[in-house]
Amino acid sequence: MEAAHANDIDLEGACEGSLACSTCHVVIEDPELYDKLPEPTDDENDMLDLAYGLTETSRLGCQVIASKDIDGIRVRIPGATRNFAVDGYKPKPH
């Protein structure tokens, strides 16, 4: 998610990476690279359950940490998000 934001890629991130929403949902295009990622935590899976357009290779962008193992990873950003935050919502720092 941070790499997307640093490169002006329109990936939301309403909770600022605190694992409290699914707005940074991405789909990993290459299943082999998806398999190299650590397993999603229970908290991530709970948030993914709320994501629009969930797939077998869905992850939250805030939980995909860049490493040499996934060099060249390509992700697709779904066409919509589900943002349940209301006006005035302030994410908790992590």
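**Entry 1: Glu-44**

I began with the contacts of Glu-44, where contact means heavy atoms within 4.5 Å. Leaving aside neighbours within four places in sequence, I found that Glu-44 is in contact with Leu-19, Arg-59, Leu-60 and Gln-63. A note to myself before going on: this is a predicted model, where local features need pLDDT of at least 70 and side-chain atom pairs count only at pLDDT 80 or more, while totals for chains, interfaces and linings use all residues. Residues are numbered from 1 along each chain as its sequence is written, and side-chain values use heavy atoms, with hydrogens and water left out.

Next I looked up where Glu-44 sits, and the place is helix 3, residues 42–48. Helices (H or I, at least four residues) and strands (E, at least two) are DSSP runs, numbered from the N terminus. Is Glu-44 buried or exposed? Glu-44 counts as buried because its relative accessibility is 1%. For the cut-offs, I wrote down that buried means under 20% relative accessible area, exposed over 50%, and partly exposed in between (1.4 Å probe, protein chains only).

**Entry 2: the whole chain**

I stepped back and counted 3 helices and 3 strands in the protein chain. From the N terminus on, their order is α-β-α-α-β-β. The chain has 94 residues, and buried ones make up 33% of them. I also looked up contacts with a separation of 6 or more: residues 24 or more positions apart account for 69% of these.

The accessible surface of the chain comes to about 6,500 Å², and 48% of that belongs to carbon and sulfur atoms. Those areas come from the Shrake-Rupley method with a 1.4 Å probe; for residues, only the protein chains shown count as cover.

**Entry 3: the core and Leu-60**

Which residues touch the most other members of the largest nonpolar core? Of its 14 residues, they are Leu-11, Cys-24, Ile-28, Leu-37 and Leu-60. Strand 1 (25–28) and helix 3 each supply at least two residues of this core. By definition, a nonpolar core is a set of buried Ala, Val, Leu, Ile, Met, Phe, Trp, Tyr and Cys residues joined through side-chain atoms within 4.5 Å.

Not counting residues up to four places away in sequence, Leu-60 touches Leu-19, Cys-21, Ser-22, Cys-24, His-25, Glu-44, Met-47 and Leu-48.

**Entry 4: His-25**

His-25 was on that list, and I found this residue in strand 1. His-25 is buried because its relative accessible area is 4%.

I then checked the distance to Leu-48: His-25 and Leu-48 are 23 residues apart in sequence, and their C-alpha atoms are 7.3 Å apart in space.

**Entry 5: the loop between helix 1 and strand 1**

Thr-23 lies in the loop between helix 1 (2–6) and strand 1. Thr-23 counts as buried because its relative accessibility is 1%. A polar atom of the Thr-23 side chain lies 3.1 Å from the backbone nitrogen of Gly-13, and I found the backbone nitrogen of Ala-14 at 2.8 Å from a polar atom of that side chain.

Asp-8 is in the loop between helix 1 and strand 1. With a relative accessible area of 74%, Asp-8 is exposed. Most residues other than glycine have a negative phi. Asp-8, not a glycine, has a positive phi of about 55 degrees. Leu-19, which is not a glycine either, has a positive phi of about 60 degrees.

Glu-16 is found in this loop between helix 1 and strand 1, and counts as exposed at 55% relative accessibility. Glu-16 and Cys-62 are 46 residues apart along the chain, and 8.2 Å separates their C-alpha atoms.

Conventions. Polar contact = N/O pair within 3.5 Å; in protein donor to acceptor, adjacent residues only side chain to side chain.
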